[in-house]
Amino acid sequence: ICIVCKKPFIYKKGENTKKICSDECRKEYLKNRSDYMTKEGKQKISINARKVVEKLGELKRSKNEKKFCELCEKYFNNVEHNKPIFNGWDADIIIHDYKIAILWNGAWHYKQISKSSSLAQIQNRDVIKMNEIKKYGYIPYIIKDMGRYNEEKITYEFEKLKIFINEINKELNLERISNLS
């Protein structure tokens, strides 16, 4: 039975697959693949994708991200990068002292770059990752990077991060003070 049109068909090696009956159904399946997948199938793909990302590690990091990470490692005490500590999901840079998970997002997170990777799937994974980060009590901090290596961009983003952390500290101190009253 075809998983797309639900009609019975006879499998013919070389003409069709064991799941899809025709070219028309194959086109529909490829266009909306996730609609025809089981929850378990989606889970397997997610796990495999995370394993690939973990193996590629350094190769997938931009020069901007690496330099930004170096600044964080010099300035903060407890910093890691690309560790899959959020239920198997990683963050590009993790500042444990402030429970901040930095996601250095390049252009492929915002626009369709290649035909082989779906922008919708990438953005869906981003939402899942951010939810997992929050479940662990960390703050997702996104840096949008649409360009090439740029030291000014790195410095600017690092200064913005320090301001963000100072604001968090002010809020925590105000909360502590109000709890004492």
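Tutor: A charge sits over a ring if NZ of Lys or CZ of Arg is within 6 Å of the ring centre and within 35 degrees of the ring normal. Lys63 meets this over the face of Tyr149, at 4.3 Å from the ring centre. The charged end of Lys18 likewise sits over a ring, that of Tyr11, 5.7 Å from its centre. The model is predicted, so local features need pLDDT of at least 70 and side-chain atom pairs count only at pLDDT 80 or more, while totals for chains, interfaces and linings use all residues. Residues are numbered from 1 along each chain as its sequence is written, and side-chain values use heavy atoms, leaving out hydrogens and water.

Next, the salt bridges. With a side-chain nitrogen of Lys or Arg required within 4 Å of a carboxyl oxygen of Asp or Glu, the count comes to 9 salt bridges. One of them joins Asp23 to Arg26, whose closest N and O atoms are 3.3 Å apart. Both residues belong to helix 1 (residues 23-31), where a spacing of 3 residues separates them by about one helical turn; helices (H or I, at least four residues) and strands (E, at least two) are DSSP runs numbered from the N terminus. Arg26 has a relative accessible area of 24% and is partly exposed, on a scale where buried is under 20%, exposed over 50% and partly exposed in between (1.4 Å probe, protein chains only).

Lys129 and Asp90 form another salt bridge, with 3.2 Å between the closest N and O atoms. Lys129 is in helix 4 (residues 119-135) and Asp90 in strand 3 (residues 89-91), so this contact ties together parts that are 39 residues apart in sequence. Both Lys129 and Asp90 are buried.

Helix 4 also holds the pair Lys135 and Glu132, 3 residues apart and so separated by about one helical turn. Their side chains meet in a salt bridge at 3.2 Å, N to O. What accessibility does each partner have? Lys135 is exposed, with a relative accessible area of 63%, whereas Glu132 counts as buried at 10% relative accessibility. Elsewhere, shared partners link salt bridges into one network of Lys153, Glu157 and Lys160.

Now the aromatic rings. Rings of Phe, Tyr and Trp (its six-membered ring) pair if their centres lie within 6.5 Å, with planes under 30 degrees apart stacked, over 60 edge-to-face and the rest tilted. By this rule the count comes to 10 aromatic pairs. Phe68 and Phe158 have ring centres 5.9 Å apart and planes at 75°, so the pair is edge-to-face. Phe68 is buried with a relative accessible area of 0%, and Phe158 counts as buried at 6% relative accessibility.

For Tyr141 and Phe164 the ring centres are 4.9 Å apart and the planes stand at 50°, so this pair is tilted. Here Tyr141 lies in strand 6 (residues 139-144) and Phe164 in helix 5, so parts 23 residues apart in sequence are tied together. Tyr141 counts as buried at 9% relative accessibility, while Phe164, with a relative accessible area of 27%, is partly exposed. Phe68 and Phe158 also belong to one aromatic cluster with Tyr75, Phe76, Tyr98 and Trp104.

Strand 6 leads on to the sheet. Two strands pair if DSSP finds at least two bridges between them. An open sheet of 4 strands runs in the order 1-4-5-6, with mixed pairing. Strand 1 (79-80) and strand 6 stand at its edges, each with a single partner strand, so one side of each has no neighbour in the sheet. Strand 1 pairs with strand 4 (residues 93-95) in the antiparallel sense over 2 bridges. Val79 has Ile95, in strand 4, as its bridge partner.

Last, the cysteines. With sulfur atoms required within 2.5 Å, the count comes to 0 disulfides. The closest cysteine sulfur to that of Cys5 is in Cys2, 3.7 Å away, too far for a bond. Cys5 counts as partly exposed at 28% relative accessibility. For Cys72, the closest cysteine sulfur is 6.4 Å away in Cys69, again too far for a bond. Cys72 is buried, with a relative accessible area of 0%.
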